[in-house]
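Subject: The structure you asked about

Hi,

Here is the structure for you to open. Have a look around it, then read on.

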Amino acid sequence: MLQGWVIVLAAFAYLGILFAIAWHADRRADAGRSLIGNPVVYALSLAVYCTAWTFYGSVGRAAATGIGFLPIYLGPTLMLALGWLVLLKVVRVAKANRITSIADFIASRYGKSQLLGGLVTVIAVVGVVPYIALQLKAVSNSFTILSHYPEIVMPDRAVAVPLWQDSALYVAAVMAAFTILFGTRHLDATERHEGMVAAIAFESVVKLVAFLAVGLFVTFGIHGGPVELFDRAREAPELARLMVADDTAGGYGRWAGLVFLSMFAALLLPRQFQIAVVENVDESHLKRAVWLFPLYMFLINLFVLPIALGGLLHFGAGGVDADTFVLTLPMAHGAEGLALLVFIGGLSAATGMIIVETIALSTMVCNDLLMPVLLRLPRLGLHERRDLSGLLLGIRRWAIALILLLGYAYFRVAGEAYALVAIGLISFAAVAQFAPALIGGLYWKGGTREGALAGLSAGFLVWAYTLLLPSFAKSGWLPEDFMSQGMFGIDLLRPQRLFGLAGLDEISHCLLWSLLANVGAYLGVSQWRTPNVREARQATRFVDGVIDRGADGWRGSARVKDLLPLAGRFVGPGRAREAFAQYARSRGAAGVEALPADAGLVHFAESLLAGAIGSASARVAVASVAKEEPIEIGEVLDILDEASQVRTANERLQELDRMKDDFISTVTHELRTPLTSIRAFSEMLNDDPKMPLAERTRFLGIIVAEAERLSRLINQILDLARLEAGRVEWIRGEVDLAGVVRESLDALGQIVKDKGAAVEMRLPGAGPVVLADRDRLVQVMLNLLSNAVKFVAPGEGRILVEVDAADGQARVAVADNGPGVRPEERELIFEKFRQGTGDGGTLTGKPQGTGLGLPISRRIVEAFGGRMWVENAPGRGARFLFTLPLKGGDNGGAIATGATGGSQ
Amino acid sequence: MKRPPDLRLTAQRLAALFLLGCALFNYPMLALFNRPLAVLGVPMLYAYLFGAWLLLIALMALAIERRGD
């Protein structure tokens with residue numbers, strides 16, 4: 001039986017589990033093993049979007065408008081498709097600027113304006129508190145209905161019960177306790193609540209399971225599957241109507257309006273911003289959430305229409321409120337357990353919303369409404385207090401209690417009134433007013449503080465006039481003729497026919513006018529003046545994502561002995577000391593006291609404080625100890641200019657860094673190959689003492705050869721590094737090129753003979769004389785000749801070496817009849833570790849060299865003012881050439897005098 | 001600061017899916033399926049919307065999960 005105490009016990013058991021999960025997750029977070037550090041938890045916590053309004057209300061909407069419940073969930077799907085463009089940017093900017101709430105975000109963007117933060121907070125509170133009331137009502141109603149089991153009684157008398165019997169009051173109280181416990185446990189520098197997020201993710205699972213269970217029960221338990229259910233519904237004309245959407249221009253307009261509206265709501269509702277942005281642990285979690293969260297919404301909506309149709313078939317029209325079908329259908333069929341599960345599911349949907357929304361709102365109220373005022377009241381002696389973190393937490397806790405109390409009061413006052421029933425979409429429309437300032441501020445640098453203020457105010461006023469006041473009028477709290485005749489009896493001012501605009505539903509009508517006023521005022525007023533220093537700096541940070549270490553528009557001196565106690569007052573002395581010490585280490589300072597009193601320090605202290613009290617309040621607090629010297633506009637232009645130069649330089653550095661990474665990974669790879677084979681053969685020798693002598697000799701031979709290759713490679717790498725760094729000592733002298741060629745050929749004689757190659761020389765007896773390092777030129781020749789020998793076929797190789805001089809240049813050419821070098825590889829082979837692949841495009845077997853010979857040779861030649869390149873040999877094969885300026889020739893002066901040549 | 005190289009491509013694909021979604025979920029596509037007919041017993045509009053929704057989600061998952069890092 002479902003007596004009252006069973007339900008209460010179940011509810012408290014459920015809340016107990018929530019406490020346990022949150023407590024466990026907080027413990028894990030403290031131990032550094034975060035429970036919420038995975039994308040699935042993130043996606044599930046985003047589902048806080050689905051409140052009791054979804055859980056119970058969707059079916060109600062479906063019973064009235066058919067498929068009309070769906071746009072509310074299609075919109076967020078589209079927003080997540082934009083997630084990579086918009087959401088990711090918001091998350092990055094918020095993290096970089098230690099943003100604590102949506103009010104903080106907007107205030108921070110427009111020069112850390114306290115006024116703006118306060119305005120956003122007021123709009124959010126006005127728009128969202130009634131929404132909290134709606135959740136309380138849902139829980140209270142579901143409790144009342146369930147406790148009358150097996151009778152099905154509508155709770156239209158719920159408001160009449162005395163205060164102490166009102167379940168909503170207890171829900172509000174328990175929620176306040178929970179939120180205070182896990183929302184304000186300590187002041188975090190990042191304002192994150194891991195325990196709360198874990199509990200929310202769990203709640204999302206519970207409400208989904210409960211809703212799917214009812215859906216399956218109605219579709220397959222009561223009816224014989226969806227087809228049968230739809231067939232039965234189709235027989236009743238008033239139900240068949242629900243299977244198509246309103247097929248008029250107005251109907252499609254409303255649909256599009258709702259999709260558009262809910263798209264913004266998915267990001268801009270304070271609870272969504274809190275979960276999606278502030279509580280985000282790792283931006284990569286967004287990746288999975290992009291499709292997982294829409295999938296969640298898909299699943300929770302799948303059975304909405306079947307349940308609505310099932311309810312209408314069972315109860316008929318009237319009598320039972322369609323909003324309660326989720327609960328009353330299982331009750332009517334005697335499924336007690338399921339009914340209890342549904343109650344718990346509804347409870348989880350409502351509590352999830354209440355907890356997150358209250359935390360978000362209390363943070364905003366504290367940081368953006370109360371702190372700025374308190375900081376300005378010298379009588380409170382805030383500057384003298386040692387530790388304010390307790391006061392801050394106290395403010396948050398009172399704010400939470402107050403917000404829930406307000407929600408409860410609204411619920412008591414409004415009851416079944418239209419103003420409460422319709423609040424879901426009214427709330428959405430209120431927070432949509434943040435869109436121009438927030439999204440505009442992310443992509444457009446021209447927005448100013450006044451522009452944002454004007455836009456938000458105009459949008460908010462139009463919203464209140466066209467949506468909020470009419471909802472009051474429909475509830476009977478305002479005279480009827482306000483609606484029918486307009487304010488002051490002016491027909492053009494009729495709230496939902498503003499300026500005579502008819503044919504739109506109230507939501508689209510409000511959206512159109514309020515966003516028109518909002519965007520218009522935002523853009524228009526922003527044109528009034530150019531952004532000032534502070535706004536321009538913040539705009540760069542938000543739009544370009546440029547995060548610099550300098551203080552924003554600050555030039556001032558603030559010493560550690562002022563800043564540290566200040567930070568300590570707000571975040572606690574221990575935490576502040578710890579954070580400063582970490583900053584000192586990152587700056588390489590000897591200790592906290594040794595930190596220079598510069599702009600970077602001020603900025604650090606400000607951003608530390610921003611995490612606790614919001615950016616606007618942090619400004620004021622830091623300003624109280626730092627002496628500000630405003631910057632001239634010219635200097636700001638310099639700063640901005642600098643920023644773009646820095647960015648270019650930064651890109652170049654990243655490119656270089658990448659090249660270095662590539663180089664190192666190639667070198668490592670090249671070194672590993674010989675090392676591996678040396679090790680493998682040594683191990684074989686080591687493991688098998690009875691190995692035959694012949695085998696042993698062969699292995700040792702390989703080891704020696706590989707070791708030689710390794711040391712050659714290392715020498716060449718060092719050589720190249722020296723060449724690139726310009727640290728080579730050249731021994732300059734007169735060098736006879738023909739002599740160099742002869743000497744090199746003699747040195748390679750044995751290899752040439754082994755390969756059976758024929759070498760032809762066309763050289764003068766004593767050759768052109770150049771000014772260079774003889775040993776280095778021998779190195780170049782050896783490299784070219786050994787390459788030629790390496791690539792010709794055994795027994796039929798022909799190598800032609802020519803030396804001549806013309807136009808003040810000595811020229812050396814080495815041609816072979818090997819596979820040649822493909823035209824597209826003629827530059828590549830001079831890069832590090834690139835080897836030719838031969839004429840046919842196939843690899844000529846194993847890599848035969850280190851891939852460093854040619855790059856080194858080219859650098860040597862260039863160091864002496866020459867040039868090296870490759871071309872096709874007559875017939876087939878490759879022909880490598882290099883030139884060097886003749887000694888005493890016209891180009892003698894062009895000889896590089898230092899070792900810096902060839903640094904390309 | 002290492003970014004996966006296909007980040008911009010992912011953003012493009014998702015933006016394209018956003019536009020696709022806008023088209024699928026609104027007039028006039030909606031009107032095409034807004035008829036009192038049934039597809040395998042399920043109302044046509046209902047079947048279309050949920051089908052299109054699932055398709056969009058699948059494409060979003062595909063766009064963002066491929067070449068995962």
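This is a predicted model: local features need pLDDT of at least 70, side-chain atom pairs count only at pLDDT 80 or more; totals for chains, interfaces and linings use all residues.

**Chain B**

Chain B contains three helices and two strands. If you walk along chain B from the N terminus, the elements come in the order α-α-β-β-α. Of the 69 residues in chain B, 43% are buried. Carbon and sulfur atoms account for 69% of the accessible surface of chain B, which is about 3,900 Å² in total. I also looked at contacts in chain B between residues at least 6 apart in sequence: 61% of them join residues at least 24 apart.

Now try zooming in on Tyr27(B) and Pro28(B). The peptide bond that joins this pair is cis, with omega about 5 degrees. Pro28(B) sits in the loop between helix H1 (7-24) and helix H2 (29-33) of chain B. For background, most peptide bonds are trans, and most residues other than glycine have a negative phi.

**Two backbone angles in chain A**

Arg98(A) is not a glycine, yet it has a positive phi of about 50 degrees. You'll find Arg98(A) in the loop between helix H5 (87-96) and helix H6 (102-109) of chain A. Lys112(A) isn't a glycine either, and its phi is positive too, at about 50 degrees. Lys112(A) lies in the loop between H6 and helix H7 (114-147) of chain A.

Buried or exposed: what does Lys112(A) count as? Its relative accessibility is 11%, so Lys112(A) counts as buried, since the cut-off for buried is under 20%. Arg98(A) has a relative accessible area of 28%, so this residue is partly exposed.

**Salt bridges**

How many salt bridges does a search of the whole structure find? Over all chains, the search finds 21. Here are some pairs in chain A to look at.

Glu283(A) and Arg92(A) meet through their side chains in a salt bridge, at 2.8 Å from N to O.

Next, find Glu706(A) and Arg709(A), whose side chains form a salt bridge at 3.6 Å, N to O. Both residues of this pair lie in helix H31 (residues 693-725) of chain A, three residues apart, which is about one turn of the helix. Glu706(A) and Arg709(A) are both buried.

Finally, Glu760(A) has a salt bridge with Arg762(A), where the closest N and O atoms are 3.3 Å apart. Which residues join this pair in one network? Salt bridges that share partners connect Glu760(A) and Arg762(A) with Arg798(A), Glu802(A), Glu871(A) and Arg879(A). Glu760(A) is partly exposed, at 32% relative accessible area, and so is Arg762(A), at 45%.

Happy browsing!

Definitions and conventions
Residues are numbered from 1 along each chain as its sequence is written. Chains are lettered from A and ligands numbered from 1 in the order in which they are written. Side-chain values use heavy atoms; hydrogens and water are left out. Helices (H or I, at least four residues) and strands (E, at least two) are DSSP runs, numbered from the N terminus. Buried means under 20% relative accessible area, exposed over 50%, partly exposed in between (1.4 Å probe, protein chains only). Contact means heavy atoms within 4.5 Å. Accessible areas come from the Shrake-Rupley method with a 1.4 Å probe; for residues, only the protein chains shown count as cover. A salt bridge is a side-chain nitrogen of Lys or Arg within 4 Å of a carboxyl oxygen of Asp or Glu.
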